[in-house]
Amino acid sequence: MSTLKFTSADLWAQIENHFEQAHGERFAFGFTRLLHDSADGPVLEVVNVHLVPDEDVHHDRTGWYLSETALDRVHNYALRAGLGIAEFHNHGPGHAAFSRTDERGLAPMAQYVLDLLPGRPYVAGVWAAGQVHVEWWWAGREQVGGAGSQPGAPVERRGFDTMTVCGDRLFVPNAVPQPDPRMGRQEKLLTGEGQAALGALRIAVVGAGGTGSHMLIQLAYLGARNLVILDDDLLEETNLNRVVTAGHDDVGTAKTTLAERRIKDVDPCAHVRTYPRLSVDGEHPELRDVDLIIGCVDHDGPRHRLMQIALETRTPYLDVATGVDDDSTPAQVGGRVILCALSGPCLNCLDELDPQEIGRWGKSTEQQELDRAHGYGTNEPSPSVVFLNGLVVSAAIGELVAWVSGARPPATYLDIDIVGMAKTPGTQVAPRKVTPRDPDCLECG
Ligand SMILES: [Zn+2]
Ligand SMILES: [Zn+2]
């Protein structure tokens with residue numbers, strides 16, 4: 001999937017303010033770095049912007065134009081900084097689309113910039129009343145068997161699947177709302193933009209078991225229709241108390257197959273891709289072109305790896321964890337939801353990762369047996385129950401809905417406690433006050 005990421009919402013806000021206050025056409029540039037070359041196009045992050053002052057914009061009967069000086073300034077900066085260019089301009093209210101005048105200028109400009117900045121995709125977009133249409137041009141991609149980035153390589157051109165702005169709201173300005181009667185009863189809560197965003201976002205859910213099965217079903221009902229699932233467990237009889245995608249005839253079937261079947265029941269148009277489990281040293285390209293990674297795993301090894309991939313690819317990471325401690329009296333039954341949304345703390349900043357548990361993950365079977373003989377990692381699997389999984393996942397989904405609808409910023413950390421520490425009877429769900437991101441953090445610093 002191709003995507004353009006504004007990981008700092010402030011950069012997009014600067015461009016939008018510039019356009020909202022325009023009397024005629026205005027221009028703004030984003031400077032991009034390439035995060036991933038996916039089969040469907042580039043994954044780019046905007047790391048800086050430049051707003052073109054009005055004295056550098058002229059117009060005549062045929063359209064609005066940038067001065068040579070302004071263009072040189074932008075091109076020279078990109079060349080020096082080793083970044084790509086994303087050009088935006090505004091139109092009046094209406095459907096965001098390139099005009100015929102835009103089209104005449106786009107091909108030569110794209111070719112010029114591709115030759116000037118080899119290996120870096122060129123991006124152009126048009127803004128109209130908050131909606132965006134944005135496309136990329138790229139020459140000689142490895143992915144399509146291209147000849148590298150030499151001048152003269154054939155140029156590919158396509159629209160971005162998503163453009164995301166990650167801040168207090170997770171916004172997808174190029175998502176086109178699709179009227180859908182199925183969503184009528186939730187529209188006021190999600191908003192049209194939030195619903196369109198959910199439909200466009202590519203969301204990876206890692207783990208399709210106890211918590212993952214709840215997560216995937218709820219996402220499908222909400223209208224998320226572009227899902228990536230990682231798991232290669234087969235359903236066991238002891239999973240039948242909690243894997244909500246499964247029935248009693250499904251023992252031995254892959255959990256991803258069960259999840260996909262259930263998602264397609266809810267929404268036959270949903271697009272689902274399934275992959276094997278996360279590996280300790282795998283590159284996992286399937287996680288490098290998504291807009292959100294959700295961890296539904298029960299071990300800090302994969303949790304840590306997921307967070308690393310999310311940090312490398314500048315992707316927000318939503319992590320759910322449940323726990324039942326039956327050694328204490330009363331038993332502690334609870335969980336937590338953490339959203340690592342790029343500007344905030346990561347799991348390591350929050351001291352949520354157990355280095356010993358991470359170390360044990362990915363060890364050979366012989367090594368694990370040796371560890372067990374020495375008393376490490378001998379814990380019996382703790383109890384796992386459907387109501388706890390459902391509660392923790394619903395709380396996480398609630399934060400996601402608040403985030404895409406813009407109702408309020410999502411909580412970074414939610415504590416969920418059913419039986420244990422809280423003295424007041426009744427289930428408690430409470431946001432935890434968290435420390436800001438640690439600038440010296442070994443993972444995200
Ligand atoms: Zn235009
Ligand atoms: Zn950190």
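**Conventions.** I number residues from 1 along each chain as its sequence is written, and chains are lettered from A and ligands numbered from 1 in the order in which they are written. As the model is predicted, local features need pLDDT of at least 70 and side-chain atom pairs count only at pLDDT 80 or more, while totals for chains, interfaces and linings use all residues.

**Domains.** I found the chain divided into domain 1 (3-166) and domain 2 (202-431), with bounds from an automatic or database domain assignment. Their C-alpha centres lie 37 Å apart. I then looked up the contact (C-beta atoms, placed from the backbone, within 7 Å): domain 1 gives 12 residues and domain 2 gives 9. On the domain 1 side, β1 (3-6), β2 (27-38), β3 (41-51) and β10 (162-166) each supply at least two residues; strands are DSSP runs of E, at least two residues, and helices of H or I, at least four, numbered from the N terminus.

**Helix α1.** I noted that α1 (residues 9-20) has 12 residues. W12, I15, H18 and F19 are buried (20 or more other C-beta atoms within 10 Å of the residue's own, C-beta atoms being placed from the backbone). Seen down the axis of α1, the buried residues fall within an arc of 120° (taken from the directions from the helix axis to the C-beta atoms), so they line one face of the helix. On the other side of α1, I found D10, N17 and E20 exposed (12 or fewer such atoms).

**Packing.** I recorded that the buried residues of α1 pack against β1, β2, β3, β6 (84-90), β7 (122-128) and β10.

Conventions: Two residues are in contact if their C-beta atoms, placed from the backbone, lie within 7 Å. The expected span of a helix is 1.5 Å times one less than its number of residues.
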